[in-house]
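Reader: Please walk me through how the two chains meet, with the cut-off behind each term.

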Amino acid sequence: MTLPVIMDCDPGHDDAIALILAHSHPSIEIKGVGTTAGNQTIEKTTLNARKILEFAGSSVKVSRGASKPLFRELITAASVHGKTGLDGPELPDPVLEESEFSAFEMMVDVLENSRETVSIIPTGALTNVAMLLLARPDLKKKIKQISLMGGSAIGGNWSAAAEFNILVDPEAAEIVFNSGIPVIMSGLDVTYQAIIKDSDIERFRNIGTETSVMVAQLLDFFKKFHEEKFPHFGGSPLHDPCAVAVLASPELFVYREASVHVECRGRYTTGSTVVSFAGPPRNMADGSIVSESSIKSDSVYSILSQQVFESVSRKDTETEPDVKVLVGIDREGFVDLLAGALERLK
Amino acid sequence: MKEKIIIDCDPGIDDALAIFMALASGKVEVTGITTVAGNVGIENVTGNALSLVSFAGRKDIPVAKGFSGPFMVKRKDGAIVHGKSGLGNALLPDPVSEPVELEAAEFIYKKAKEEKGNLVLVTIGPLTNIAAALSMYPSLPSLIKRIVMMGGSAGIGNITPAAEFNIYADPHAAAAVFQSGIPIEMYGLDVTNRAVITAEEIKILKDSKRKVALQCVNMLNSYMDFYQSMGYEGLALHDPFAMAALIDSSIAERKDWFVAVETDGKFTRGKTVVDTYGVSGEKPNASVAYNLDRDKFISLLMELLLSYE
């Protein structure tokens, strides 16, 4: 049994690796790939998605999505991903053409024609997904879940309070988090634990295939930003692949039930995800309660993030706790999962 | 040398403990107490402050009454936590003295001038009085040595998912204080939620049969009921922790960060936005506590509360 998914992304180094993981993993079947503006402009993210998929041997056509957020001007992340949005490896121009359908049309088509429910994996701004939910609420019942990379319970990476993907289109994010569809949130709380170290990059490179060497080159570039800006991580947090990995190998993750709202009109907090935890930490695979955090270090950041693990559940939430906020990851298992994905590809 | 302090507070059960601690400590000299509406209304918190100093045998400590509510937002109280009187089940005698003539903000300025830059403000309630004093007396920042604050959170809130009570109660005042340039030590929920006292430790206070300790036990028991109803296991001593950190700075670890207070926002009003990852480009304006030595804190608390006859 494979899980049918729609990818919605803005490659982006970590988006690229998320695409490769989804393409390679035997339990996941990519039904469509849409692009969104964010890490770079829509022209660049669309081209990058085509390059990556073709390089990795996928024949899925890429559907171009919205060129800007619902109500705001676009912000991009050239400082992280470079001028092309995917600086580092030399990737050949794709042969396969871009899809004639927009990301919205593609999602409608996939959902209408799928007999089973489909999971959506957004790893960029949520513009396309919000548009889909607004325009075609009748299709909500065809969506099994939305496993997204974005947000955080504590702290931000683009402003002091906000994570980049949510900050790009906060209104879209608020629509998605409160759509009634089950959401899995891979926010900074978990992705800051999904650290790829130098030794992991070498492990990928040494697999020796074209794709694995290319991924190592992506990570070589990606780590430059993190070494400079976040030296205490000891590597690069591999944000987007978490949103795929949690569907492929749920046992690697710990979540807490929560309701989430997105601040859209704060002075300092616009784009922050306000997380109201409603249950204890549980293993994603079987729901068993996890009593101890895997965070062992006593650094400032670990101590702060310990709060997302142990803070008291609130009983006064007005919103249904239909979000699973990821709070823990088996990092070694995550790296093994990525290595396994690369070993399966040429 | 003793640190000269004014306690700006809204007693409040944990405020009461903080006041008892300060009055018992040889490390600080309480030059006055100013009150502000917060946990309960201004009349109650002021009456409570007067009762507390009198009960501790320190009628000589001046109490100045402050603002009856925030400037820009509706007043929100914490009676659900602290009981209607503000002090839970405590059986304190009625106040035998009156507040001083000066309003809290005037009193703070007068003392600050007298102490010539050596005054420390210990703020354990909403920051209305301090913000008012800042705008009434522009020279105030240069006269204050530092602010030791219980308030805010770099992480999770308590009154809302995003905000801590003292900041939420008057976010505009808090914003003004964080922008004032006065050095700030912030003891927020990141540490105070973990500054818990256990039932066994409360029993030690009870078994001492000393008058102040027994009052604290009365108050803590009503506090415990609330916390347990909210799902907390221990009893978090927010305000006493800030006071303890002033008395012995080694009970907390702090780091300099930029802190802004969200005054707008639909879901985040009153949130202290702490730039822990240094992405805002702003210079640090507060020293924020992120870790604590709980056992050492409790020893200090016990020592001070049991030092009363």
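Reader: Which residue of chain B forms a salt bridge with Arg267(A)?

Author: In this predicted model, local features need pLDDT of at least 70 and side-chain atom pairs count only at pLDDT 80 or more, whereas totals for chains, interfaces and linings use all residues. Residues are numbered from 1 along each chain as written, chains are lettered from A in the order written, and side-chain values use heavy atoms, without hydrogens or water. A salt bridge requires a side-chain nitrogen of Lys or Arg within 4 Å of a carboxyl oxygen of Asp or Glu, and the rule finds one across the interface of chain B and chain A. With its closest N and O atoms 3.5 Å apart, the partner of Arg267(A) is Asp264(B).

Reader: What is the area buried between chain B and chain A?

Author: Buried area is the accessible area (1.4 Å probe) that two parts lose on being put together, summed over both. The contact, meaning heavy atoms within 4.5 Å, takes 37 residues from chain A and 38 residues from chain B. Carbon and sulfur atoms give 64% of the buried area, which is about 3,100 Å².

Reader: Is Ser236(A) buried or exposed?

Author: Buried means under 20% relative accessible area and exposed over 50%, with partly exposed in between (1.4 Å probe, protein chains only). Leaving aside neighbours within four places in sequence, Ser236(A) is in contact with residues including Phe222(A) and His226(A). Because its relative accessibility is 1%, Ser236(A) counts as buried.
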